[in-house]
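Dear colleague,

I am handing over the structure below, and would be grateful if you could look through it with the notes that follow.

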Amino acid sequence: GVLFTKDIANLPPNDCTPTTLANVSKILSKKNRMKCSIISKKELEKKGFGGIVAVGQGSKNEPKLIILEHRMGSRNEKPIVLVGKAVTFDTGGISLKPGEKMDEMKFDKCGGCTVIGIMKAVSELKLPINIVGIIPSVENMPGGESYRPGDIIKLYSGKTAEILNTDAEGRIILSDALSFGEKQYSPKAIIDFATLTGACIIALGTNVAGIISNNEKLSQKIKESSKRTTEEVWELPLNNDYMDMIKSDVADMKNVGIGRAAGTITAAAFLRNAIKDTPWVHIDIAGVAWTQVATKDKPYNPKGATGFGVRLILDYLQNI
């Protein structure tokens with residue numbers, strides 16, 4: 001599962017569009033007896049996925065929502081939903097990133113690749129549980145049809161978001177996928193993975209992932225799996241003061257916080273707005289998803305994508 005995740009995460013952006021990830025998922029589902037559904041742009045528009053559509057509309061490579069279902073638990077058992085951010089290339093959109101290291105933004109799909117790798121492992125191990133993997137996939141490009149700073153978009157949840165920076169796009173597509181996952185599947189837990197914020201690298205470096213949760217029991221189980229697998233995580237707080245930092249004057253919320261303060265947490269606060277009551281853990285893998293300058297050398301991690309999160313969550317699922 002880890003190797004599979006690395007292989008697809010390492011693909012260059014010209015060889016890996018949202019359609020490519022959808023095709024990889026289809027092939028995997030046939031081979032491993034999972035159900036695979038792909039929601040394309042027109043259907044996304046029709047069903048109210050305003051966030052995914054907005055972020056993906058600037059690229060000729062259309063957005064996709066990929067859903068993989070592994071159903072080997074009892075029929076009445078609520079599933080665990082895994083959600084992964086898969087921005088196949090992130091230019092920043094109209095809020096264009098600096099040119100330096102922009103090539104690394106092929107790794108902005110690592111959260112989605114992690115979910116695909118977990119689903120592969122779960123299905124091959126035939127774990128007797130119900131798991132749903134949801135991967136919102138887009139390419140974030142500047143163009144005549146791109147969404148803009150100042151836009152207000154309506155998310156799948158029905159809430160509105162004021163766009164202040166088009167480079168804070170991951171939280172927008174994840175928000176749609178999280179709301180959809182909760183509404184469609186009534187899960188017992190939701191775990192999301194995303195190369196979400198550079199602020200997480202400033203806070204924790206490149207060897208530890210940040211986690212934020214609305215449920216102490218769930219986050220504790222993830223931490224126990226972290227110790228067993230040595231995929232390290234560190235929990236950050238999320239209280240009402242942080243939720244207030246993303247309030248907007250013209251919409252329900254804005255897609256960035258206040259200045260550079262608590263960037264990882266305010267991004268998670270945006271995601272928190274997408275979920276009602278379901279136990280949820282957000283895992284920010286921006287520092288750990290691929291080998292960077294300060295990454296600790298490990299013999300099983302050659303340069304490139306690390307597949308972080310596959311072993312961690314597989315251990316959690318095996319211990320349920």
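Helices (H or I, at least four residues) and strands (E, at least two) are taken as DSSP runs and numbered from the N terminus. The model is a predicted one, in which local features need pLDDT of at least 70 and side-chain atom pairs count only at pLDDT 80 or more, whereas totals for chains, interfaces and linings use all residues. Residues are numbered from 1 along each chain as its sequence is written, and side-chain values use heavy atoms, with hydrogens and water left out.

Points are joined across faces, edges and corners, and a volume is the space filled by probe spheres set on them.

The structure has one cavity of 30 Å³ or more, and the volume of the largest cavity is about 30 Å³. Its lining consists of T5, A9, C110, T114, I285, A289, A305, T306, G307 and F308, with α1 (2-9) and α5 (110-124) each supplying at least two residues. By class (Ala, Val, Leu, Ile, Met, Phe, Trp, Tyr, Cys and Pro nonpolar; Asp, Glu, Lys and Arg charged; the others, Gly among them, polar), that lining has six nonpolar, four polar and no charged residues.

The largest pocket has a volume of about 1200 Å³ and is lined by 41 residues, of which K97, L196, T197, G198 and A199 lie nearest its centre. Both α7 (198-204) and α10 (263-272) supply at least two residues of this lining, and α7 gives the most, with five. The lining of the largest pocket divides into 19 nonpolar, eleven polar and eleven charged residues.

The second largest pocket holds about 230 Å³ of space, and its lining residues include F107, W290, D297 and K303; the lining divides into three nonpolar, five polar and four charged residues.

Turning to the helix pair, the axes of α2 (residues 18-32) and α5 come within 10 Å and cross at roughly 5 degrees (axes are lines fitted to C-alpha atoms, for helices over the stretch in contact, and angles run from 0 to 180 degrees between N-to-C directions). Therefore α2 is roughly parallel to α5 (angles under 35 degrees count as roughly parallel, over 145 as roughly antiparallel, 65 to 115 as roughly perpendicular and the rest as oblique).

With best regards

Notes: 1 Å grid on protein atoms, 1.4 Å probe; cavity = no way out; pocket = protein on both sides within 12 Å on 5 of 7 lines; lining within 4 Å.
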